[in-house]
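Please look over the sequence and the structure before reading the points.

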Amino acid sequence: MRLLVLSAKGGGGQERMRRLAKKTGKPWSGVLLTWYDVNRRDLPWRAKAGKPADPYGVWLSEIMLQQTTVAAVAGYYRKFIARWPTVEALAAAGLDEVLGAWAGLGYYARARNLHACAKKVAAAGGTFPMTVEGLMALPGIGAYTAGAIAAIAFSARESAMDANAERVIARLYAIEEPLPAAKKRLRDLCRAMVPADRPGDFAQSLMDLGATVCTPRPDCARCPLAKWCEGRRLGMAMRLPVKAAKKARPLRRGAAFVATDKAGRVLLEKRPEKGLLGGMLQPPLGPWGENFPSADEAPAQAPFRAKWKKLPGIVRHTFTHFELEIEVYAVCPVSHPPSPSAKAGPSAAGESYWVSQDALPGAALPTVMRKILKHGAALKNTI
Ligand code: SF4
């Protein structure tokens with residue numbers, strides 16, 4: 001059998017693959033589906049074999065899985081489904097509740113969009129659109145997510161390219177063009193092979209193959225697609241997909257102020273609704289810049305006057321576009337904690353609250369803020 005190699009310069013990928021499928025008489029998609037029937041992963045959002053998928057569960061899982069692993073998402077997915085079993089129930093929840101339940105999953109704009117999307121769908125009768133175009137008109141749903149939902153929930157003949165599927169396709173066709181520029185080409189190549197009868201299973205089979213066999217260190221001996229795989233034949237599978245060099249992330253530094261009263265309550269404040277970690281909670285923070293505040297500068301950034309003690313060590317956290325280093329100042333206990341409305345001195349924007357230890361695990365605290373609280377000894381065993 002002759003295989004076609006599609007290089008970065010090659011075009012007409014879909015047509016070539018259609019021709020290839022016709023020529024061989026046994027396109028790899030059928031073989032992959034047979035493999036999937038035996039080897040499919042059991043995931044909490046996945047319908048049992050032969051059963052229809054629940055669009056709400058598919059949508060919820062796909063939003064959670066954006067830039068997050070299956071292992072990290074599973075617990076959150078179960079928690080959300082138990083608490084809000086329908087899109088109407090999620091729409092009726094308060095945004096703070098949703099942000100609190102999402103805390104720790106990262107990329108918090110997703111949670112805000114999730115809630116906004118649930119409201120739109122609920123207002124439209126609780127039914128998700130079935131087309132990619134209709135889905136993309138909803139908050140937080142981009143091309144990949146729309147393709148995945150349309151294929152898995154509505155059996156639309158669409159490709160669904162998560163990072164696992166991209167890796168498989170890049171290797172199968174020996175695509176050397178770096179990601180993310182190659183995304184469209186990979187999607188087109190995949191779409192050409194989507195079968196008419198089981199597009200949802202096909203999408204999930206590619207994801208599963210990438211997650212369990214065609215991993216960063218591929219196990220080609222176990223792969224059902226080995227005889228179609230150009231990356232393997234050319235001995236280049238391990239270095240595919242090629243990824244464009246990442247820019248170095250800038251470093252920002254600042255100070256956090258962890259105040260704990262005698263009852264163990266912690267002073268938290270709400271971040272502005274828009275922007276990074278919008279609407280989430282945090283201990284009071286100073287501004288972030290090139291350097292940490294000096295011993296003279298730090299007290300002026302604190303939420304109230306007190307004998308703030310700088311703790312040894314630094315809290316580090318990586319955001320998508322920058323690295324953050326935080327020095328932590330603590331006051332513990334505060335003998336007469338000021339009420340939020342009676343704070344002395346400058347404070348960050350937003351309201352403040354004294355939050356009990358019992359309420360901290362469910363509070364809308366992103367991971368970086370939990371790290372800071374833990375460093376400040378204000379948070380026990382909740383990371
Ligand atoms: Fe991936 Fe190897 Fe299978 Fe090719 S043969 S798709 S590199 S596991």
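The points below are grouped by topic. The model is predicted. In it, the ligand sits in the largest cavity, and the count of aromatic pairs comes to 12.

**Ligand site**

- The residues surrounding the ligand are Arg 171, Cys 214, Pro 218, Cys 220, Cys 223, Ala 226, Cys 229, Arg 232 and Ala 237.
- This shell divides into seven nonpolar residues and two charged ones, with no polar residue.
- Arg 171 and Arg 232 belong to the shell and count as charged, because Arg is classed with Asp, Glu and Lys.

**Aromatic pairs around Phe 319**

- A pair of aromatic rings is described by the distance of the centres and the angle of the planes.
- Of the 12 aromatic pairs, one is formed by Trp 288 and Phe 319, with 6.4 Å centre to centre and 35° between the planes, and is tilted.
- This pair links distant parts of the chain, since its members are 31 residues apart.
- Trp 288 lies in the loop between β3 (281–282) and α14 (298–301), and Phe 319 lies in the loop between β5 (315–318) and β6 (323–334).
- Trp 288 has 22% relative accessibility and so counts as partly exposed, as buried means under 20%.
- Phe 319 has a relative accessible area of 9% and is therefore buried.
- Phe 319 also pairs with Phe 322: the ring centres are 4.7 Å apart and the planes are at 25°, so this pair is stacked. The cut-off for stacked is planes under 30 degrees apart.
- Phe 322, like Phe 319, is buried.

**Aromatic cluster**

- Phe 257, Phe 304, Trp 308 and Tyr 329 are joined into a cluster by ring pairs.

**Charges over rings**

- The ring of Phe 322 has the charged end of Arg 252 over it, 4.0 Å from the ring centre.
- Lys 227 lies over the face of Trp 228, at 4.9 Å from the ring centre.

- Pro 272 is found in the loop between β2 (266–270) and β3.
- With a relative accessible area of 45%, Pro 272 is partly exposed, because exposed means over 50%.
- Pro 272 and Glu 351 are 79 residues apart in sequence, while their C-alpha atoms are 9.5 Å apart in space.

Technical notes
Residues numbered from 1 in each chain as written. Predicted model: local features only at pLDDT ≥ 70, side-chain atom pairs only at ≥ 80, totals over all residues. Heavy atoms only, no water. Near = heavy atom within 4 Å. 1 Å grid on protein atoms, 1.4 Å probe; cavity = no way out; pocket = protein on both sides within 12 Å on 5 of 7 lines; lining within 4 Å. Sits in = over half its atoms within 2 Å of the grid points. Phe/Tyr/Trp six-rings, centres within 6.5 Å; stacked < 30°, edge-to-face > 60°. Helix = DSSP H or I, 4+ residues; strand = E, 2+ residues; numbered from the N terminus. Buried < 20%, exposed > 50% of the residue type's maximum accessible area, 1.4 Å probe, protein only. Lys NZ or Arg CZ within 6 Å of the ring centre and 35° of its normal.
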